[in-house]
Amino acid sequence: MYDKTAFKTKTILALLLALAALSGCRQRDTFCIEGNISGAADTMLYLEHLTLGEGAVAIDSIRLKEDGAFRFTKNRVGNPEFYRLRIGGQGINLGIDSTETVRVTASLDSMSFGYRVEGSGTCDTIRLLCLKLADLERKARRISTDRSYTLQERDSLINSIVAEYKRDIKGDYIHLNYGSAYSYYACFQTLGTQLIFDPVNDKSDLNWMRAVANAWNDKYPMSQRTENLCNIIEECRRRQAKPREIVLDLDGDKVRELGIIDMTFPDIDGQDRTLSSLRGKVVMLDFMAFSMDGSTERTLLMRELYNKYHSRGLEIYQVSLDPSQHLWKQRCEALPWVCVYCEDGLESDMLQLYNVQQLPCYFLIDRNCDLQARQENITNLEEAIEKLL
């Protein structure tokens, strides 16, 4: 017999359960990244959170099947955050600024730059920024490998195309929405290991980053990324206000028996690295700052030097004096030599003890840990290294 009362009770219960489920979704405040990557069967797709302090951290993964479909659902935080879909060395950067569903379609063979994204204007704008950066990198690579130019000409040409790139990014992207996730993202794009926007040495860049920081402070006053922006702005403002000249006074009491002045600084993983631990190798001790003009070209030349002589016993101990540790981590992440960070920056005692008059400045140390030469006295660097090897 048909029971109308029972039917009504079940119907009401089903409606209540549906409403509860909908309410639960809203309370969870989640976002979803889904899509399809063709030609990627049986590969691992990682979802990484691009954090401030720890870099890219894998927060989920899936082994793709033949159809390449994937779906990740995560809790949203109270401010825009950045994520990356990665297979091997290929990645797709995404900015999540709401409880949205972002759909990504790509092919494995052109994943990083040939993808399409739907459901998020922010993610699509980041896609365009990545394409523009890739074009800039190709132009810079052609210039840096063209030996018909002198070093100064290459540096000048690269600076010129970077300046043009910044004008486009400022006018076509950042100016439209200072408080957006893509404006924050644009402020931290890099060419090689060097930040494109250089608030330390360029007052114009500092003003644009300050505008982004102010907008984020209005919209997301308690977020870690807002705090990071404000700290960078304050530190850069302080650096620009101070004279750049270094007053030197060599303190002989600090010189140890090694023949060098030893030092210990943390590397990108937070591990202390001591200069004297490289005894037995020929060491290039390099004081520098990635934020300075010409550092991209210089890094390319140092990589050639390292690739040529490392197998024969050359090591590089590179001391970064950049004003922000976060900026330094971004720039040295892919470098193969020993990169350490000196938080005292231009006020470090080591600059005085090594009588560093300008940056960058390098020294050569032999296998017995004795200081043999400094850059002012070296006319042919490769020849000087060959003699010590």
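Colleague: Is E386 buried, partly exposed or exposed, and at what relative accessibility?
Modeller: This is a predicted model. Buried would need under 20% relative accessible area, and exposed over 50%. E386 lies between those limits, so E386 counts as partly exposed, at a relative accessibility of 34%.

Colleague: Which side chain does E386 meet in a salt bridge?
Modeller: E386 lies in helix α10 (residues 381–388). Its partner sits in the loop between α7 (295–309) and β14 (314–320), so the pair ties together parts that are 74 residues apart in sequence. The N to O distance is 3.0 Å, and the partner is R312.

Colleague: Is D322, in its salt bridge with R331, buried or exposed?
Modeller: The side chains of R331 and D322 meet at 3.2 Å, N to O. R331 has 2% relative accessibility and counts as buried. For D322 the value is 1%, which is under 20%, so D322 is buried.

Colleague: How many residues apart are R63 and D42?
Modeller: R63 and D42 form a salt bridge, with the closest N and O atoms 3.6 Å apart. R63 is in strand β3 (residues 56–63), while D42 is in the loop between β1 (30–38) and β2 (44–50). The pair links distant parts of the chain, and the separation is 21 residues.

Colleague: How many salt bridges does the count come to?
Modeller: A pair counts when a side-chain nitrogen of Lys or Arg is within 4 Å of a carboxyl oxygen of Asp or Glu. K166, K170, D202 and D205 are linked in a network of salt bridges. By this rule the count is 22.

How values were computed
Residues are numbered from 1 along each chain as its sequence is written. This is a predicted model: local features need pLDDT of at least 70, side-chain atom pairs count only at pLDDT 80 or more; totals for chains, interfaces and linings use all residues. Side-chain values use heavy atoms; hydrogens and water are left out. Helices (H or I, at least four residues) and strands (E, at least two) are DSSP runs, numbered from the N terminus. Buried means under 20% relative accessible area, exposed over 50%, partly exposed in between (1.4 Å probe, protein chains only).
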